[in-house]
Amino acid sequence: MSKLLKKSLWVFHLNTGSCNACDIEILDVLTPYHDAERFGVKLVTSPRHADVILLTGPITIEALPKVVNAIEAAPRPRVVIALGSCGVGGGIWHDTYSTIGGVRGLQKILEERGVVVDAFYYVPGCPIRPEALLYAVAVFKGLVPKKVKSEIKHAE
């Protein structure tokens, strides 16, 4: 994946019903203190211009059509980075009536609708740490090796 995106990463922030804690950390990453722009990370306002979609929050039933539309609008290769406990697995709302959980449920729905996502990345935490997001970007760009195994265990 990193060979396809050697240049700057333009990211689109997609809030799917989060508490905004991870959203604040995304903004913190973009401040001069953490300086994500040194890696070429730039926040864009449309998924049509994005290389990467940053997904925060459990995916609510209300937000689901908009989430699918946003991901479908992103050009290929489509990459989604799920942020925080809620984005990865649904958090404390993983089995509630108003959500489909985290990105795993979204993957199934996207596959059923024929929307191809080339890669999913996961950044755990509640909220995420800015350093964790920077590490994910560095792994994505091939600057550092991945430290953890790729298998993710989900609560059923």
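**Loops, sheet and helices**

Student: Is Asn 20 buried, partly exposed or exposed?

Tutor: Asn 20 is partly exposed, because its relative accessibility is 38%. Buried means under 20% relative accessible area, exposed means over 50%, and partly exposed lies in between (1.4 Å probe, protein chains only). This is a predicted model, in which local features need pLDDT of at least 70 and side-chain atom pairs count only at pLDDT 80 or more, whereas totals for chains, interfaces and linings use all residues. Residues are numbered from 1 along each chain as its sequence is written, and side-chain values use heavy atoms, with hydrogens and water left out.

Student: Where is Asn 20, then?

Tutor: Asn 20 sits in the loop between β1 (10-15) and α1. Its phi is positive, about 80°, although Asn 20 is not a glycine. Helices (H or I, at least four residues) and strands (E, at least two) are DSSP runs, numbered from the N terminus.

Student: And what is the phi of Asp 35?

Tutor: Asp 35 is not a glycine, yet its phi is positive, near 55°. Asp 35 belongs to the loop between α1 and β2, and it counts as partly exposed because its relative accessibility is 32%.

Student: Changing topic: what is the strand order in the sheet?

Tutor: The order is β2-β1-β3-β4-β5, in an open sheet of five strands with parallel pairing. Two strands pair if DSSP finds at least two bridges between them. The edges are β2 (42-43) and β5 (119-123), each pairing on one side only.

Student: How many bridges link β4 and β5?

Tutor: Five bridges join β4 (residues 79-83) to β5 in the parallel sense.

Student: Which strands does α4 lie across?

Tutor: Helix α4 lies across β3 (52-56), β4 and β5, and runs at about 170° to β5. Axes are lines fitted to C-alpha atoms, for helices over the stretch in contact, and angles run from 0 to 180 degrees between N-to-C directions. Helix α5 (residues 130-140) also lies across β3, β4 and β5, at about 150° to β5.

Student: Why is α5 described as largely enclosed?

Tutor: Eight of the eleven residues of α5 are buried, so the rest of the structure largely encloses this helix. Among the buried ones are Leu 133, Leu 134, Val 137 and Phe 140. The buried residues of α5 pack against α1 (21-29), β3, β4 and β5.

Student: What follows α5?

Tutor: Gly 142 follows α5, with a positive phi near 80°. In the segment after α5 one also finds Lys 146, which counts as exposed because its relative accessibility is 53%. Apart from neighbours within four places in sequence, Lys 146 is in contact (heavy atoms within 4.5 Å) with Tyr 135 and Val 139.

Student: How do the axes of α2 and α4 cross?

Tutor: The axes of α2 (residues 64-73) and α4 (residues 103-113) come within 11 Å and cross at roughly 65°. The residues in contact are Leu 64, Val 67, Val 68 and Ile 71 of α2, with Leu 106, Ile 109, Leu 110 and Arg 113 of α4. An α-helix has 3.6 residues a turn, so residues three or four places apart point the same way.

Student: Where are the cis peptide bonds?

Tutor: One runs from Arg 76 to Pro 77, with omega near 0°, and Pro 77 lies in the loop between α2 and β4. Another runs from Cys 126 to Pro 127, with omega near -10°, and Pro 127 is in the loop between β5 and α5.

Student: Last one: is Thr 99 buried or exposed?

Tutor: Thr 99 is buried, because its relative accessible area is 9%. Thr 99 lies in the loop between α3 (84-89) and α4.

Student: What does its side chain reach?

Tutor: The Thr 99 side chain reaches the backbone oxygen of Trp 93 at 2.7 Å. A polar contact of 3.2 Å also joins the side chains of Thr 99 and Thr 96. A polar contact is a pair of N or O atoms within 3.5 Å; within protein, one must be able to donate a hydrogen and the other to accept it, and residues adjacent in sequence count only if both atoms are side-chain atoms. Not counting residues up to four places away in sequence, Thr 99 touches several others, including Pro 58, Ile 59 and His 94.
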